[in-house]
Amino acid sequence: MIRFEDVTVTYSEALSPALRNVNLNIREGELALLVGRTGSGKSTLLRAINGLVPHFTGGLLEGRVTVAGRDTRTNPPRELADVVGMVPQDPMSGFVTDTVEEELAYGMEALGIDPQTMRRRVEDTLDLLGLVEIRDRALLTLSGGQRQRTAIGSVLTTNPSVLVLDEPTSALDPGAAEEVLAAIQRLVFDLGLTVLMAEHRLERVVQYADHVVAIETDGTVVHGPPESVLADAPVAPPVIELGRRLGLSPLPLSVRDARRETASWRHLLDDSQSAAAVPVSASGESAMVANVDHLSVLYGNFAAVNDLTLTVKRGEIVALMGRNGAGKSTLLNSMVGLQKADRGRVQVGAQLADPFGMPGHELLKHVGLVPQEAGDMLYAQTVAAECAAADRDTQAVSGTTRALLEQFAPGISDETHPRDLSEGQRLSLVLAIVLTARPPLVLLDEPTRGLDYPGKANFTRVLAQLADEGHAIMLATHDVELVATTAHRVVIIADGELVADGTTEEVVVSSPMFAPQISKVMRPHPYLTVDEAVRAIEAVTQ
Amino acid sequence: MGRTLPRYLHPGAWWVWALGMAAAASRTTNPLLLGLILAVTAFVVAARKPDAPWSRSFSVFLKLGLVVIAIRLVFQVALGSPVGEHVLFSLPVVPLPEWMASLRLGGDITAESIIFAACDGLRLAVLLACVGAANSLASPARLLKSMPAALYEVGVAVVVAMTFAPQLVTDLGRVRQARRLRGRTNKGLRGAGGAALPVLEGALDRAVTLASAMDSRGYGRSGQLPVRVRRLTVLLVLGGLLGVCIGLFGLLSADTSVFAGAPLLVLGLLAAFTGLWLGGRRSIRTRYRADPWELPEWLVSLCGLFAAAGVITAGIINPASVTISVVPLMWPALPVAALVGILLGALPAVLAPPLPAAAAVRRQPGSRAGAPVTRLAVDA
């Protein structure tokens, strides 16, 4: 269905090709998964399928890409719209109209499909993706999962035979991600659609894939069935990591596979009394650096944060979890004084000061926040200029920020433009800027969106180091695997109210939605990470 | 004819009707006729207004009309020249230099001049009310959707712009917050400049993404028109619109004869429609749930035209009957032709199909645009 024949893509002004000698054949009805590190050319490969590369982006494409027998060389993207449905990474940025129903019809209008067929397909698609209730809602008012499903629906109505998705679940909470993945699965299994999707959080999708395409950093491609490709790919979800470390064969792709293959070890663990190595949390007497006391934040008469009480101590890493729109960002914003407390109070920093109305340069000494769009905080033309500006802003000794950056992400050139950094490097830069003033409390809003597994591993290391140095860290995240490996404590909020607050083991293991894969595999033993599980198993088998 | 099923009337029909009413109002200063037009318009709005955010604009336009009347009166009192002999009160005359002799500040204020100004202001206010009626009866988005195929691209651009603007405001807020997080000030020119760059970069990025998304979804697949046809289209549309403008001007200003305006208006309309038809002929695009133009649409449009025709006819038969006479001060006449025409204009209240049940009961006012939006803007 999708065929790449010796394809090499080189963008103008690029030193090396983004894709190199790619040969690929994805057959009809397959669900193919595209994996690779950030910046490895995943988007380029996806966009080559409907001819956006090179017709829209420019650059040089050598070789041949054909979709359903049509050559992208002679067919620009608009002529392939009836064959390839392309869902962009941020669904909101691709919406043309203003309501769900109109958006579903837009593509068909452009193709000149007759009104009766249009109406029928819109109704079918509304049912298929569960959008009936929101059919005349404005797109701006939809939640993340609804937006993503609308975006998928809007390309489905043109009846394409290929669906291409660029990280469809990266911005979604676990529940909404399930919702979208279930919809995609239905399309593959019931409608026989060929789907190619890029995804960072492999643990969510790898068990459904027929075919895995791995892009190496030099732009070459390895592909084949998931078991063989992932056996030595640089990116692997925890179950596969566990399988590799324990030498399981065939490699388990799902929690179910892994549970079956590790059953005998779990029985051994049942008999032994070895306790799990619990990450050492901050001791009880360390100083408090955040005190949220019966806080309520109202938008009109909607309480985004509702009577919430929470404290954070030095050396703690606290994960803040909950659905999209549960009030996580609002809580973080009020902790840095971007949002006024309507009731209750917020105190942060070593002196437990009220952050609201505090002048910017003063604020940084008490608390720092890395916002969701980390790039918003970068304005300069080079990394060096950005670091120098941060030193000036905080009256720090010249070179402080640069030294921090070197510690988090070594080897970034001074002259690099901040926009050209990879996601992980950009996050490191913003974190370095925030830490220049040495705030005792650091808040991070969805920091690992767009980070691949090695990037996340590095980020975990940095956080642990900061906690050791006595910083308190609070991060809002949807990434259960990150929480399992990083956090000491987990706070779950729903509808602005605190639902659970306890150690990672207590909170995460008991929740079906937030439990990490290893915990599901090792249940009832409270292991959260591959390391813990492997160590425990090794201990009992020796 | 059986019972009309509930549906939305074509927005174009509402506009034709409202413009007809507006044309009727513009040709008269007779307060009886103006009051009648206002009552008829309000009656139809009350009967067929859907419950949507945009349909609350009628009252806004009414208030605007009151402001217009007030301004007109203030100007009359301050600057108007005295007409008639019924002096109500006197203001001190401000002496003006010789060369401004034609102008007068203060002096005697007569009942005649006040009444004249009030009727003149009322005419403008009623015109505004007619526009407000069209605005609250017909959804702007649906009106854009029913644009002729040749103008479709313009419609898309307007819709995209309407969704881009709020996004830009959100971006600006986010970037300003980020500046504070870096310990910078948001005040002054430097603060504004510093925030502008990231916002513009973001907007540019989004525009490029949107363009690529539209391209992938088949935008612009229509066959290309030959250059000559395209030029002819542009010429016809622009020329036609110019004709329409001049014709309307002639028709609406009470000073010129109807016969000067009407032919030009008709010619202009013909040219514009030919152009649009030519331009849209080669487009392969189809419409999703296009609003049909059926009997109710014809009837509603005709009702508006009757109202205009009634007042214009009354003006031809007896020009004095449609104007307010202040010297001598007389009770205004009620010309039969105008009366019948305007009353016909009330018929859309029953001729237009009833609203779909969903539009009447669906949402409580404000429930849609309230809290969830803010919440998403902050948390999504």
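**Domains, helices and chains**

Author: Happy to! In this predicted model, the C-alpha centres of domain 1 and domain 2 of chain A lie 32 Å apart. The domain assignment puts domain 1 at 2-235 and domain 2 at 288-520.

Reader: How many residues of domain 1 of chain A are in contact with domain 2 of chain A?

Author: 16 residues of domain 1 of chain A are in contact with 18 residues of domain 2 of chain A. On the domain 1 side, helix H6 (residues 174-191) of chain A gives the most, with three residues. By class, that side of domain 1 of chain A has six nonpolar, seven polar and three charged residues.

Reader: Switching topic: at what angle do H14 and H15 of chain A pack?

Author: Helix H14 (residues 400-408) and helix H15 (residues 423-435) of chain A pack at about 140 degrees, with their axes 8 Å apart. H14(A) and H15(A) are therefore oblique to each other.

Reader: And which residues of H14(A) meet H15(A)?

Author: A:Thr401, A:Leu404, A:Leu405 and A:Phe408 do, and their partners in H15(A) include A:Leu429 and A:Ile433. The contact of H14(A) with H15(A) has eight nonpolar, two polar and no charged residues.

Reader: Nice. What about chain B: how many residues of chain A are in contact with it?

Author: 59 residues of chain A are in contact with 49 residues of chain B. H3(A) supplies the largest share of the chain A side, seven residues. The residues on that side of chain A divide into 30 nonpolar, 19 polar and 10 charged.

Conventions:
Residues numbered from 1 in each chain as written. Chains lettered and ligands numbered in written order. Predicted model: local features only at pLDDT ≥ 70, side-chain atom pairs only at ≥ 80, totals over all residues. Contact = placed C-beta atoms within 7 Å. Helix = DSSP H or I, 4+ residues; strand = E, 2+ residues; numbered from the N terminus. Nonpolar A, V, L, I, M, F, W, Y, C, P; charged D, E, K, R; others polar. Axes fitted to C-alpha atoms, helices over the stretch in contact; angles between N-to-C directions. Parallel < 35°, antiparallel > 145°, perpendicular 65-115°, else oblique. Domains from an automatic or database assignment.
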